[in-house]
Amino acid sequence: MLELIKFNNKGDRRGSLTVLEENKEVPFSIKRVYYLYETGTGVSRGFHAHKTLEQIAICVAGSCEIILDDGYNRKTHYLKSPDVGLYIGNFVWREMHKFSQDCVLLVLASDKYNEDDYIRDYECFIRELQNGKK
Ligand code: TYD
């Protein structure tokens with residue numbers, strides 16, 4: 001469930017260039033893009049899972065820490081490279097911490113925003129997993 005994807009770098013002497021296409025480097029059709037930036041010092045975000053949504057998070061500038069928890073294993077990923085994406089599947093609890101001041105966290109999502117797709121309570125998340133909702 002925990003997957004770091006190393007993207008291409010088509011850079012040359014002029015600099016770096018990474019290309020992402022849906023259903024290619026990104027393993028789903030991209031329906032939405034959003035980014036987190038100017039995150040306050042010491043602020044943590046996330047603390048939810050999604051019932052169906054798949055996402056890829058890419059730290060295109062700066063760095064941050066993302067904790068992924070599938071109800072059985074909890075793993076901390078330190079993102080700091082624009083050519084590395086963190087795949088976050090459905091029914092994975094995520095927490096984001098330690099944003100650097102210059103952090104820009106780009107997120108590619110498989111669907112449009114839908115509050116009904118969120119599980120914002122950790123106990124509910126575990127209960128839904130145990131009830132075989134996934
Ligand atoms: P939220 O998902 O709670 O942020 P995070 O998990 O990163 O801490 O979203 C914060 C607010 O922004 C919330 O009011 C919902 C809104 N929002 C949208 O309207 N569309 C979106 O695509 C996203 C990601 C959030």
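A49 stands opposite I119 in strand β10. The model is a predicted one, in which local features need pLDDT of at least 70 and side-chain atom pairs count only at pLDDT 80 or more, while totals for chains, interfaces and linings use all residues. Residues are numbered from 1 along each chain as its sequence is written, and side-chain values use heavy atoms, with hydrogens and water left out.

Strands are DSSP runs of E with at least two residues, numbered from the N terminus. Two strands pair if DSSP finds at least two bridges between them. Strand β3 (residues 45-50) pairs with β10 (residues 118-119) in the antiparallel sense, over two bridges. Strand β3 also runs antiparallel to β8 (residues 93-97), to which three bridges join it. Within β8, R94 is the bridge partner of H48.

Most residues other than glycine have a negative phi. E38 counts as exposed because its relative accessibility is 69%, where exposed means over 50%, buried under 20% and partly exposed in between (1.4 Å probe, protein chains only).

F47 likewise is not a glycine and has a positive phi, of about 60°. F47 has its place in strand β3. Its relative accessible area is 34%, and therefore F47 is partly exposed.

**The surroundings of the ligand**

Which residues are around the ligand? They are R32, Y34, R45, G46, H48, M96, Y113, Y118 and R120, where a residue is taken as near if one of its heavy atoms lies within 4 Å. By class, the shell divides into four nonpolar, two polar and three charged residues. Here Ala, Val, Leu, Ile, Met, Phe, Trp, Tyr, Cys and Pro count as nonpolar, Asp, Glu, Lys and Arg as charged, and the others, Gly among them, as polar.

A polar backbone atom of G46 is 3.0 Å from an oxygen atom of the ligand. An N or O atom in the side chain of H48 is 3.2 Å from a ligand oxygen atom, and a polar side-chain atom of R120 also lies 3.2 Å from an oxygen atom of the ligand. The ligand taken alone exposes 530 Å², of which the protein buries 61%; such areas come from the Shrake-Rupley method with a 1.4 Å probe. The elements giving two or more residues to the shell are β2 and β3. Strand β3 gives the most, with three residues.

Is Q55 buried or exposed? Q55 is buried, because its relative accessibility is 2%. This residue is found in strand β4 (residues 55-61). Its side chain makes polar contacts with the side chains of Y34, at 2.8 Å, and of R94, at 2.6 Å. A polar contact is a pair of N or O atoms within 3.5 Å; within protein, one must be able to donate a hydrogen and the other to accept it, and residues adjacent in sequence count only if both atoms are side-chain atoms.

I67 lies in strand β5 (residues 64-69). With a relative accessible area of 11%, I67 is buried. Leaving aside neighbours within four places in sequence, I67 is in contact (heavy atoms within 4.5 Å) with residues including W93, R94, E95 and H97.

Notes. Helices (H or I, at least four residues) and strands (E, at least two) are DSSP runs, numbered from the N terminus.
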